[in-house]
Amino acid sequence: MSDKNEFPISDSTFLLSAFAILGACVSSFLTFILKSRCTSISCCGIHIVRDVIPADAIVQMEQNRQVQAEPSVVTRT
């Protein structure tokens, strides 16, 4: 048997994995909040009231971005 019969909390691989899982959970939660269309968010005793960009304005911005990203074609005559 091994001499190490303790929980692997002191193992660096375990700690790195735990922080990665925690970071992924926090990141997905923040992404959910950013993509939310709610004007009022309340969680864990924190209440946030924010201005949300209308959906049609977002669509218009994406269309403008696509038009600007298209390369212009130069023809030689």
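**Ground rules.** I am working with a predicted model, where local features need pLDDT of at least 70, side-chain atom pairs count only at pLDDT 80 or more, and totals for chains, interfaces and linings use all residues. Residues are numbered from 1 along each chain as its sequence is written, and side-chain values use heavy atoms, without hydrogens and water.

**Confidence.** I checked pLDDT, the predictor's confidence in each residue from 0 to 100. The protein chain averages 78, and 75% of the residues score at least 70. Among the elements, helix 1 has the highest mean (88) and helix 2 (residues 55–69) the lowest (80).

**Fold.** I found two helices and two strands. They run α-β-β-α from the N terminus. Both kinds are DSSP runs, numbered from the N terminus: helices are H or I, at least four residues, and strands are E, at least two.

**Surface.** Of the 77 residues, 3% count as buried. The cut-offs are under 20% relative accessible area for buried, over 50% for exposed, and partly exposed in between (1.4 Å probe, protein chains only). I read about 7400 Å² of accessible surface for the protein chain, 63% of it from carbon and sulfur atoms. The areas come from the Shrake-Rupley method with a 1.4 Å probe; for residues, only the protein chains shown count as cover.

I then looked at Phe-19 in helix 1 (residues 12–35). Phe-19 is exposed, at 58% relative accessible area.

**Cysteines.** I looked for disulfides, meaning cysteine sulfur pairs within 2.5 Å. The count is zero. Cys-38 is partly exposed at 41% relative accessibility, and Cys-44 is exposed at 73%.
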